[in-house]
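Open the structure in your viewer and keep the selection tool at hand. Each stop below says what to select and what is there.

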Amino acid sequence: MAEEMKKKEEYVLECHGISKAFGGTQALKDVELLVRAGEVHALLGENGAGKSTLMKCIIGLHQQDEGTIQFEGKPYAVKGPVEALNAGISMIHQELNPEPHLSIAETIFLKREDTRGILLNKKAQNERAEEILRKFDFPHSAKTLMKELTLAQMQMVEIIKAVSCNARLIIMDEPTSSLDSEETEHLFRTIRDLKAKGVAIIYISHRMEEIFQICDHVSVFRDGTYVGERSMEGVTRDELISMMVGRKVENVFPKTDCEIGDVVFKVEGLTGKGFENISFEVRKGEILGISGLVGSGRSETMRGIFGMDPITGGKLYLEGKEIKIKKPSQAIKQGICMVNEDRKNFGLALHRSIRENMALPTLPLKQKAPLLNKKQEEKDCLDMGKLLTLKAASIEHEAFSLSGGNQQKVVLAKWLLANPKVLILDEPTRGVDVGAKSEIHSLMCQFAAKGMAVIMISSELPEVMGMSDRILIYHEGKINGEVKREEILSGDEDQESILRRAFGGK
Amino acid sequence: MAKKEEKVLGMDREKFRMFMGKYGIGVILLIMMVFISIMEPAFRSGSNMVNVATQVSINAMIAYGMCLAITTEGIDLSVGAQLALVSCILGQLISNKGWGIIPAIVVAILVSTAWGTINGFLISKFNMFPFVVTLSTQLIIRGLAQVVSGGQAIPITDATFKQIYSAKLGPIPFPILVLILATILMYLVLHWTKFGRYVFAVGDNMQAAIASGVSIIKTKTATYAISGFLAGVAGVIFTAKTASAQSNIGVGYETDAVAACVLGGTSFAGGVTTVPGVLMGIFIIGFIYNGMNLIGIDSYYQSMTKGAVIIGAVLLDMVMNKKNS
């Protein structure tokens with residue numbers, strides 16, 4: 001019994017008193033982290049709380065200024081991810097960056113290829129890879145190129161690679177942010193298998209449900225300091241949120257009921273790549289939620305409406321009149337705007353200033369003179385920044401200097417400046433911390449109250465259910481059911497019934 | 001593990017880094033000028049400064065066009081050949097066909113602008129690599145120049161035409177006036193117009209620019225058209241300077257232009273450049289030639305020095321602006 005107790009408290013990773021400063025900013029202040037062997041340990045905290053910095057210290061991308069790290073009871077200091085992996089620690093990054101032209105086998109054995117003399121031994125390498133893939137029930141052969149895999153599969157390859165390198169600690173940074181429910185379930189099964197094999201996992205996520213579902217302990221960070229550790233048994237969601245933000249968050253979803261007016265925007269029989277025969281309408285002041293699995297045609301439909309991808313059939317009506325949209329500039333002119341799900345690729349020019357980013361889509365509308373009216377522009381940007389409670393030292397700073405939540409606010413701002421009739425939001429709160437998330441939710445309600453029609457795609461069921469007046473559920477490119485807010489409030493519809501429809505049921 | 005903050009020139013390391021990031025190119029320019037002045041006092045004279053500014057005006061036109069192209073994540077390798085084509089058109093029209101100077105210049109610059117437009121259209125419409133497109137059109141344009149000139153140098157004896165290079169307003173030669181005008185216009189275009197904003201947006205993140213309603217075809221075509229136009233202006237000044245139309249001029253001129261852009265902080269990743277930076281880059285290149293001539297160093301070493309200075313400046317910039325730490 002005593003021995004078992006002792007074993008239980010055996011830490012695979014011990015970080016004590018870690019501090020790290022960048023220039024004048026103290027990113028980490030005397031931080032602790034204790035991870036037990038074979039557990040899933042959650043890291044929780046708003047963006048900028050210091051989670052990523054600590055992880056980068058652990059895998060050697062940063063060197064801490066003060067403090068010690070012990071791994072498996074021995075002092076541990078590495079100079080980079082490769083050394084970290086050799087020592088037994090691997091990190092799966094949120095944004096995967098695979099070499100698209102390498103095969104799975106080549107990816108797994110990158111930098112440790114099977115060789116015969118100076119030549120590669122591809123055959124042996126492929127066979128070894130196949131064997132490992134079989135253990136994980138991976139559906140592709142080892143010769144498949146990385147570019148042919150889905151995001152979830154690429155992630156799985158990374159995990160398989162980590163395991164094949166004999167990693168005893170795997171750090172996963174927002175691993176489910178681009179996965180649908182089914183893929184998430186599959187990931188969780190893999191995590192449980194790894195746990196059973198004694199691999200410890202540090203799990204970084206903003207999704208509270210997942211942390212409760214999969215993690216054993218949680219360490220909470222706030223503003224570069226360590227708030228504390230809790231066992232997942234016996235801790236409540238509210239307690240964790242208040243640890244994180246240092247204040248009580250009252251209602252997670254601030255949805256207010258506002259007057260719903262006439263139909264603003266109507267879609268009839270819209271067809272394109274990944275979706276067919278989509279019809280729906282959205283009214284003034286309404287928040288229309290779009291639910292469904294990733295890849296079910298939700299984003300594709302919206303990209304089609306916004307003119308990003310071609311549509312092959314169907315009609316669009318704005319305020320009763322048929323409109324044609326072939327490119328985004330036409331959509332913007334008509335008053336239809338879209339916040340893309342992929343902020344990094346479609347949202348911001350990161351090396352340009354906040355001002356330039358905010359003003360970009362509305363330049364043709366607002367700047368008619370040959371030279372820019374920078375005074376007016378500055379006023380517009382500052383007003384919008386105030387409305388969105390944007391936290392930035394100045395609008396002349398480059399967009400990459402902002403945290404994820406504030407970057408998302410800049411994206412919102414650039415579209416709000418266009419004063420849209422229809423605002424399409426694709427995963428508006430992805431990769432955004434709890435505080436900013438709830439701010440974005442209240443903003444959505446404000447927009448609706450002003451008579452905007454809001455269409456929101458979200459993979460987080462609680463978010464769709466908490467924010468929408470009406471929910472459309474997608475399944476394999478078609479709409480498979482519609483749920484009204486009253487039905488959710490009355491309990492006739494719940495997470496299960498919506499998920500069932502998303503999987504094709506009735 | 002604790003690291004002491006190092007001091008550089010009495011400043012915090014971080015402060016020093018930010019200072020150099022912003023003004024580093026100016027500091028390099030100053031150090032160079034001081035160094036050359038000490039080696040050769042004649043360098044400091046007003047007449048030498050006017051001399052340098054006149055000489056760099058040709059490269060400046062090309063570099064401004066180049067910095068637009070590089071900022072949209074491209075490059076324009078056709079500028080040297082454009083110079084030759086413009087020169088040959090001028091020679092043919094003025095000396096052989098007896099055209100007036102103004103119409104000849106207008107036609108020549110129209111042709112170079114048209115070639116720039118073709119470059120831009122091929123690049124944006126068919127999504128071809130700018131390097132490949134302009135490498136190829138450069139061959140075509142150079143060939144055209146040879147066809148137009150018949151492979152021979154055509155002297156231009158018209159005195160008024162030569163005035164384009166030598167005329168002065170007070171102490172300031174005409175090419176310097178063109179340089180000042182071009183600098184002001186470029187500054188306005190890049191920082192005070194919608195088009196400038198589009199150039200930056202397209203260069204930094206093309207996908208996001210498309211999603212914001214920016215037309216890639218219009219933006220890039222206009223970018224290369226401007227580059228072609230400016231190369232045309234450079235061609236006119238160059239031809240006035242030599243008073244002769246030749247199809248083999250301008251070889252390697254794109255190198256100096258690219259060098260000036262890079263020295264001036266233009267990023268090959270796109271989306272970042274400043275007109276004052278490029279202007280300083282242009283003068284650094286000019287001072288390398290002028291200073292070494294004055295000191296009396298062989299031209300072989302000028303080329304080597306230029307290469308070394310560029311690598312040094314970019315290296316310094318990388319170290320100063322380490323983005324990932």
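**Stop 1: the interface**

This is a predicted model. Begin by selecting the residues of chain B and chain A that meet. On the chain B side there are 27 residues, in contact with 38 residues of chain A. The size of an interface is often given as the accessible area lost when the parts come together. Here chain B and chain A bury about 2600 Å² between them, and 61% of that area is on carbon and sulfur atoms.

**Stop 2: the salt bridge**

Which residue of chain A forms a salt bridge with Arg197(B)? Select Arg197(B) and Glu377(A), which form this pair; their closest N and O atoms are 2.8 Å apart.

**Stop 3: the chain B side**

Now select three helices of chain B: H7 (174–192), H8 (194–204) and H9 (206–211). Each supplies at least two residues of the side that touches chain A. The largest share, six residues, comes from H8(B). Coloured by class, this side of chain B shows 13 nonpolar, nine polar and five charged residues.

**Stop 4: the cores**

Move on to the largest nonpolar core, which has 78 residues. Tyr64(B), Leu90(B) and Phe161(B) are the residues with the most contacts inside this core. Helix H2 of chain B, residues 46–71, gives the most to the core, with 13 residues.

Centre the view on Tyr64(B). Leaving out residues up to four places away in sequence, Tyr64(B) touches several others, among them Leu179(B), Met186(B), Leu230(B), Val275(B) and Ile282(B). Another core, of 68 residues, lies apart from the largest one. To find this other core, select some of its members, including Met302(A), Ile323(A), Leu443(A) and Phe447(A).

**Stop 5: two loops of chain A**

Select Glu319(A), in the loop between strand S16 (311–318) and strand S17 (321–323) of chain A. Its phi is near 50°, a positive value in a residue other than glycine.

Then go to the loop between strand S21 (470–475) and strand S22 (478–484) of chain A, where Glu476(A) lies. Glu476(A) also has a positive phi, of about 45°, although it is not a glycine. Is Glu476(A) buried or exposed? The relative accessible area of Glu476(A) is 66%, and exposed means over 50%, so Glu476(A) is exposed.

Terms used
Residues are numbered from 1 along each chain as its sequence is written. Chains are lettered from A and ligands numbered from 1 in the order in which they are written. This is a predicted model: local features need pLDDT of at least 70, side-chain atom pairs count only at pLDDT 80 or more; totals for chains, interfaces and linings use all residues. Side-chain values use heavy atoms; hydrogens and water are left out. Contact means heavy atoms within 4.5 Å. Buried area is the accessible area (1.4 Å probe) that two parts lose on being put together, summed over both. A salt bridge is a side-chain nitrogen of Lys or Arg within 4 Å of a carboxyl oxygen of Asp or Glu. Helices (H or I, at least four residues) and strands (E, at least two) are DSSP runs, numbered from the N terminus. Ala, Val, Leu, Ile, Met, Phe, Trp, Tyr, Cys and Pro count as nonpolar, Asp, Glu, Lys and Arg as charged, and the others, Gly among them, as polar. A nonpolar core is a set of buried Ala, Val, Leu, Ile, Met, Phe, Trp, Tyr and Cys residues joined through side-chain atoms within 4.5 Å. Buried means under 20% relative accessible area, exposed over 50%, partly exposed in between (1.4 Å probe, protein chains only).
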